[in-house]
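Subject: Structure handover

Hello,

Here is the structure I promised to pass on. Please open it beside this note, and read on for what turned up.

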Amino acid sequence: MTFIIYSLARTGSTSLARALNLHPGISCLVEPFNPDTSHLGGRLPALASAGDLQSALKSIAREYNGIKHVASPYGFPFQGCGPALNLALLDQPGYRYIYLHRRNLLRRLVSAEVAKQCRVWHFWNDEYRSRRDSFNFQPLDIGDLRTKLARDAAFGSETLGYLRGSGHPCLELAYETLFSADPAARLAIFDEIARFLDLPPWTAPSQALSDTLSSTVTWTNSPAIYHRIPNIAAIETALGADETGHLFP
């Protein structure tokens with residue numbers, strides 16, 4: 001059994017991978033192809049072809065049975081290759097896919113832009129918290145956000161359509177379902193993932209899962225942070241919609 005968690009950024013994919021690693025049958029490597037995440041697992045040289053990708057996956061599989069991969073519509077993390085290698089990663093024989101997405105595309109996008117500005121992607125130490133909390137956020141370009149929002153929506157539809165038509169086993173999971181669930185419902189979600197991966201039922205204490213998925217760690221950029229963006233009200237007015245989400249309730 002080998003699997004790939006596939007997602008856009010700011011969907012909770014790192015927290016999901018850390019939680020899955022509590023299962024004794026799972027060893028999931030976080031973003032091995034991302035040159036910016038060597039502290040999380042990324043350690044492979046830049047890839048230039050589908051052949052390079054397959055060789056890298058074989059190397060990873062000697063030690064891990066899963067990877068967490070964050071893609072973007074513009075080809076990240078495979079710089080210089082466009083989206084081709086991200087697409088190739090969706091069509092690997094023998095792999096099962098967990099497609100993690102976020103229904104509120106606007107919050108995901110603004111959260112990503114906030115993280116880019118202050119260079120804080122996770123809350124795993126006080127240095128990151130302090131950097132985010134003291135940062136002077138700049139206005140966001142609404143036209144740029146509108147373009148990215150449309151591209152993100154298309155990317156999600158294309159990815160999900162490809163996976164559904166590929167014949168590869170695929171489990172769809174929403175950020176909102178995973179992180180809003182009560183402890184019992186959350187454990188049921190992870191039992192579903194274990195069944196999908198043909199693994200024994202979950203044995204990790206539910207408290208361990210709750211701690212790993214705690215909002216103090218996973219909710220890096222909240223509405224309180226969004227309010228510190230100078231033109232956030234204009235962004236909500238221009239881009240907030242039922243189809244792609246609102247920044248505030």
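Which residue is the bridge partner of L29 in strand 3? It is I67.

First, the ground rules. This is a predicted model, with residues numbered from 1 along each chain as its sequence is written. Local features need pLDDT of at least 70, side-chain atom pairs count only at pLDDT 80 or more, totals for chains, interfaces and linings use all residues, and side-chain values use heavy atoms, with hydrogens and water left out.

The sheet

Helices (H or I, at least four residues) and strands (E, at least two) are DSSP runs, numbered from the N terminus. Two strands pair if DSSP finds at least two bridges between them.

Now the pairs:
- Strand 2 and strand 3 run parallel, joined by 3 bridges.
- Strand 1 and strand 3 pair in the parallel sense over 5 bridges. F3 stands opposite G66 in strand 3.
- Strand 4 and strand 5 run parallel, joined by 5 bridges. Y99 stands opposite E172 in strand 5.

Contact means heavy atoms within 4.5 Å.

Strand 3

G66, K68 and V70 point one way. I67 and H69 point the other way. In a regular strand the side chains alternate between the two faces of the sheet.

Helix 2

Helix 2 (residues 50–61) has 12 residues. From first C-alpha to last, helix 2 reaches 16 Å, close to the 16 Å expected at 1.5 Å a residue. That expected span is 1.5 Å times one less than the number of residues.

Its buried residues are L53, A56, L57 and I60. Seen down the helix axis, they fall within an arc of 100 degrees, so they line one face of helix 2. The arc is that of the directions from the helix axis to the C-beta atoms. These buried residues pack against strand 2 (28–30), strand 3 (66–70), helix 3 (84–89) and strand 4 (95–101).

Cysteines

How many disulfides does a search of the whole structure find? It finds 0. A disulfide is a pair of cysteine sulfur atoms within 2.5 Å. For C28, the nearest cysteine sulfur is that of C170, 15 Å away. C28 counts as buried, at 5% relative accessibility. C118 also counts as buried, at 2%.

One last residue

I225 is found in helix 11 (residues 223–226). At 6% relative accessibility, I225 counts as buried. I225 and S111 are 114 residues apart in sequence, but 8.9 Å apart in space, C-alpha to C-alpha.

Best wishes

Notes:
Buried means under 20% relative accessible area, exposed over 50%, partly exposed in between (1.4 Å probe, protein chains only).
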